[in-house]
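Visitor: Could you walk me through this one while we both have it open? I'd like to take it piece by piece.

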Amino acid sequence: MSDFSYSVDADGVATITWDVPGKSMNVMSQAGFVQLDGMVDAALADPAVKGVIITSGKKDFAGGMDLNVIARMKDEGGADPARAVFEGVMSIHRILRKIELAGMDRKTQTGGKPFVAALPGTAMGIGLELPLACHRIIAADNPGARIGLPEIMVGIFPGAGGTTRLVRKLGAMAAAPFLLEGKTNEPKKAMAAGIIDEVVPADRLMARAKEWVLAAKDADLVKVWDRKDYKMPGGTPYHPAGFMTFLGASVMVHANTHGVYPAAKALLSAIYEGALVPFDTALRIEARWFTHVLMNPSSGAMIRSLFLNKEALEKGANRPAVADEKVAKLGVLGAGMMGAGIAYVSASAGIEVVLIDATQEAADRGKAHSADLLDKGMKRGAVTAEKKAEVLGRITATTDYAALAGCDLILEAVFEDPAVKAEVTARAEAVIPQTAIFATNTSTLPIGELAKASMRPGQFIGIHFFSPVDRMMLVEIIKGKATGDRAVAKALDYVRQIRKTPIVVNDARFFYANRCIIPYVNEGMRMVGEGVAPALIENAAKLVGMPLGPLQLVDETALDLGAKIARATKAAMGDAYPDSAVDDILFWMVDQGRIGRKARAGFYAYDETGKRLGLWEGLAQKFPRALKQPELGEVQHRLLLAQVLEAVRALEAGVLTDIREGDVGAILGWGFAPWSGGPFSWLDMIGAARAVEICDGLTSRHGRRFEAPGLLRDMAATGQTFYGRFASRPKAA
Amino acid sequence: MTEAYLYDACRTPRGKGKADGALHEVSAPRLSATVLNALKHRNDLDTRAIEDVIWGNVTQVAEQGACLARTAVLASEFDESVPGLSINRFCASGLEAVNLAANQVKGGAGMAYVAGGVECMSRVPMGSDGGAIAVDPSIAIAKYFVPQGISADIIATEFGFTRDQADALAVESQKRAAEAWADGRFARSIVPVRDVNGIEILGHDEYMRPGTDMQSLGSLKPSFKDMGEVMPGFDRIAIMKYPHLERIEHIHHAGNSSGIVDGAAAVLVGNRAFGEKYGLRPRARIRATAKIGTDPTIMLTGPVPVTEKILRDSGMTIGDIDLFEVNEAFAAVVLRFMQAFDVDPARVNVNGGAIAMGHPLGATGAIILGTLLDELERRGLGTGLATLCIGSGMGAATIIERV
């Protein structure tokens, strides 16, 4: 079956219809390009054809390239993969350029056949790059559609001429948000931005496209960049205005990406170098930089984790094979920050919510959180008054446990105290159906222990949200020893309903995410104690792609909470407790009352509104700056490996059962260096042998916490990669 | 080996580098010709003896383009048999021209050269020649490009210089320049600029602000704070390169940075035989020359390593140098030099510098070398060192010794 079909009507207008069989959204494959190319040739060769409409047989035009194809291009490139990728990209350019030049005589620029793109809905990635090569882009007035080039979000950039064409169409400055930030728009805004030419009522789309084809003149077929008098809007790099644009562009790309995303830099080079040469040369340059990005392991790792595996997990890659467990009515116990956030995301997803707290006032305050978020949405124009009323209408704020009757899922989000949790568990279970699943949002207490308070431990599970709930995309599902398959399926189906990404882990201290974050924060504090410049610690973290330095992170999560966890951990571990050096700093800070942003005092100084001013100068008196400061790379290795080794240990211990969850969870859960694709992808990138070598060095300088786990040593000895060794599941890319 | 000597040095006064500056009406070839002709007349030169004119100039476009050196020769009274070579080592171009000439002489390629340079900053704006390093992402990003003002502020932050220290240096530069002018110490070098009729256009350094004090400087806003902290935010790049810094202290402003001016300078360099043949007396020997590449982001620290290099190469120590000329591109550059070598400020830039009198990019190296020579003679001292920081992270230095 073909992805494209071709027909010619009585007026000589050919229609190429994109309709990939068996998919709800068109995506482009290599076979698709071959088919498209054949149809373009046929249309150009057929004297009866006056012009061509390229459209879609689906409600949308296309979502983009099949990212599986992109991820594999390098591996399938044979002995000289860079050349193979480059030539593959150039062959795409040739097809699109053939459409653009339309068979016209290049000297006189006459005699071509018009190509118009008729977009019924969303057109992203190649789904916009193909239209950009056409002579007219007409879109249906469909406010739900997204038009744009979001490639940068998964670590690549528009490499089928989209970069070169959009910059020439809009100028570098105006094209920047669409290329560098991947900003997408609904059709009317896309037209206002100059990306597409025309928006018409949906039922007029094909008629208008045909009208344009039949009326098109020779001059309508000549792109501005193929005209002799073409000048780039905003100026080329050595035009005075263009110079300032490009001067600033390098700064912003470099600083905003902390230097760790190869695609952003390559994209900017393609724009800059392309702006200095004729169009066809610019396409070739774009292909060279695009190839360069695909050859960088970061792009493949980002596509794998941020797109392919994230989607696989969302679709239930690790869901037990039991019947649908979609949630109809959710009971949330505790209307504090977490409970209120859970109520909001659930009600927004259409789930009926009972939000319970000890007092009506507290319950109402929890519901008011949803009203606040909806109001903010209305200000942005993302939420209508009806939608707000609908969502709030789904939330019942009460103190009455009887209201939980009929709930098929309970989410307990009360104070982190086993006794309190046990009490609310019993009260809820007294009311809810026997079949209901009971989930706790604990972040620190073992699920197995809490399940002891439950009448039905097989239906007891951990569903751990991250704060703020409405913004954090990861949900960590924790299986206790007794947790049954139906509880796991319920949790996964619920997470899918609220459109977040789940990972499923086994029950162990701090589960997965906190297990990895705590050593990161501790390593930062340790270095403060050693006299490492605090700015170096924080900047080193950012320069390796962490969203927050460890000191800023602990200020946000609060040092008193950290001290509480440290005391509990120490009590549980006894002599094996490895972090006394950290506690010296942590407890001292807490003693000074510097417990973080909430106290307007932590490792950073804050003004009275809570705005961060800078690192607290008092640190230098208590922990004098070491005369010899470590190299940046040493600090970065310490901060990265503190997390990464914990991820490996979690895998070794069976807390993690799927490295895809380890990678996706790390990026979405605590922002672990997204450019790397996650801790396991990063280890694969540098190789287990190199990782062990780094560990050995760090162990000798800083202690046994950096000892390479046996699994890593084993892989170093056998030359294995994590994705080579553990990607046995067919869905793992 | 043949030795190279300085026979003469002269310069134009420096005009304010703005449309209302006195030299704004004077073209780069004419300003160049002013000092070339002065050398010819002062020394009664048979210009056919000159092997080449090596001419420093930074912004080589428009009237400064198309090998300005040769155009300058043709605009002057030099014989047309004298060729011209335009060179660009940014702020040290004028010194590099002298160094190239000296080393050609030492190598036996000709008897005598004229070296120097010109910059008409009011007519050909700085930066108007483009430059990939600032805008080509494959270089600008990889090498953490920031403009020079940011680099100067990084030096201040890294080495702990305060705004007060920088302002005090600026006040001293103004004071020393004013005293030097009042005392006639530039008289030997200055060649007034005249129009086609011989009417004087400018006879003194126009940029100076005698009477500048801490209070008047205190009211000036930092020049590079906005581009550093706001748009486009160069400080973020600086901190990525130097992650132990939490923020960049913006201490430089128009009053403690070098002035934008128009000016030209020329130096006559030759071997001993040249002087003997034409009856000229050498004033100093060019003892050593050096250039070096350094970290391009902090960029302006070159005077320190290039001085270390020139001392090492010539078997000297810092104590062997009687007077220093360290170009006052920015106050922190000079403060850093004095800090690194622990030299007495009373021996550095004794007649003021570019903060007071201005920095015509292509000419400055030759100007400060001439100032150094005049002052060594006036004080009866032996050895002097001139050095400049250079864009994109370089440094250049010359040691001269009176004979």
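Visitor: Before we start, what should I know about the model and its numbering?

Guide: The model is predicted, and local features need pLDDT of at least 70, side-chain atom pairs count only at pLDDT 80 or more, while totals for chains, interfaces and linings use all residues. Residues are numbered from 1 along each chain as its sequence is written, and chains are lettered from A and ligands numbered from 1 in the order in which they are written.

Visitor: OK, the sheet in chain A: what is the strand order?

Guide: The order is β14-β13-β12-β15-β16-β17-β18-β19 in chain A, an open sheet of 8 strands with mixed pairing. Strands here are DSSP runs of E with at least two residues, helices are runs of H or I with at least four, and both are numbered from the N terminus; two strands pair if DSSP finds at least two bridges between them.

Visitor: And which strands stand at the edges?

Guide: Those are β14 (395-398) and β19 (501-506) of chain A, each with a single partner strand, so one side of each has no neighbour in the sheet. From one strand to the next the twist averages 25 degrees, where angles run from 0 to 180 degrees between N-to-C directions and axes are lines fitted to C-alpha atoms, for helices over the stretch in contact.

Visitor: What does β14 pair with?

Guide: β14(A) pairs in the parallel sense with strand β13 (residues 352-356) of chain A over 4 bridges, and Leu355(A) stands opposite Ala397(A) in β14(A). Helix α14 (residues 360-380) of chain A packs on the sheet there, touching β13 and β14 of chain A, and its direction makes about 155 degrees with that of β14(A).

Visitor: Moving along to β15, which strands does it pair with?

Guide: Strand β12 (residues 329-333) of chain A pairs with β15(A) in the parallel sense over 4 bridges, with Leu411(A) as the bridge partner of Val332(A). β15(A) is also joined by 4 bridges to strand β16 (residues 437-440) of chain A, and these two run parallel; Ile410(A) stands opposite Phe438(A) in β16(A). Between β15(A) and β16(A) the chain crosses through helix α16 (residues 418-429) of chain A in a right-handed β-α-β crossover, meaning that, with the strands pointing away from the viewer, the path from the first strand over the helix to the second runs clockwise.

Visitor: Which way do the β15 side chains point?

Guide: Leu409(A) and Leu411(A) point one way from β15 (residues 409-412) of chain A, Ile410(A) and Glu412(A) the other way, and all are buried. Buried means 20 or more other C-beta atoms within 10 Å of the residue's own, exposed means 12 or fewer, partly exposed is in between, and the C-beta atoms are placed from the backbone.

Visitor: Switching to helices, how do α19 and α21 pack?

Guide: Helix α19 (residues 513-530) and helix α21 (residues 550-557) of chain A pack at an angle of about 115 degrees, with their axes 8 Å apart. The contact is made by Tyr520(A), Val521(A), Glu523(A), Gly524(A) and Met525(A) of α19(A) with Pro550(A), Leu551(A), Leu553(A) and Val554(A) of α21(A), contact being C-beta atoms, placed from the backbone, within 7 Å.

Visitor: Is α21 mostly covered or mostly open?

Guide: It is mostly covered, as 7 of the 8 residues of α21(A) are buried. What covers them includes α19, α20, α22 (559-573), β20 (604-606) and α25 (632-652) of chain A. Just after α21(A), Ala558(A) takes a positive phi of about 90 degrees.

Visitor: What about chain B, how do α1 and α2 meet?

Guide: Helix α1 (residues 28-43) and helix α2 (residues 68-75) of chain B pack at an angle of about 65 degrees, with their axes 8 Å apart.

Visitor: Where does Ala33 of chain B sit, and what does it touch?

Guide: Ala33(B) lies in helix α1 of chain B and is buried, with 23 other C-beta atoms within 10 Å. Leaving aside neighbours within four places in sequence, Ala33(B) is in contact with Ala72(B), Ala75(B) and Ser76(B).

Visitor: Last one: how many residues are in contact between the two chains?

Guide: 27 residues of chain A are in contact with 21 residues of chain B. On the side of chain A that touches chain B, α9(A) gives the most, with 10 residues.
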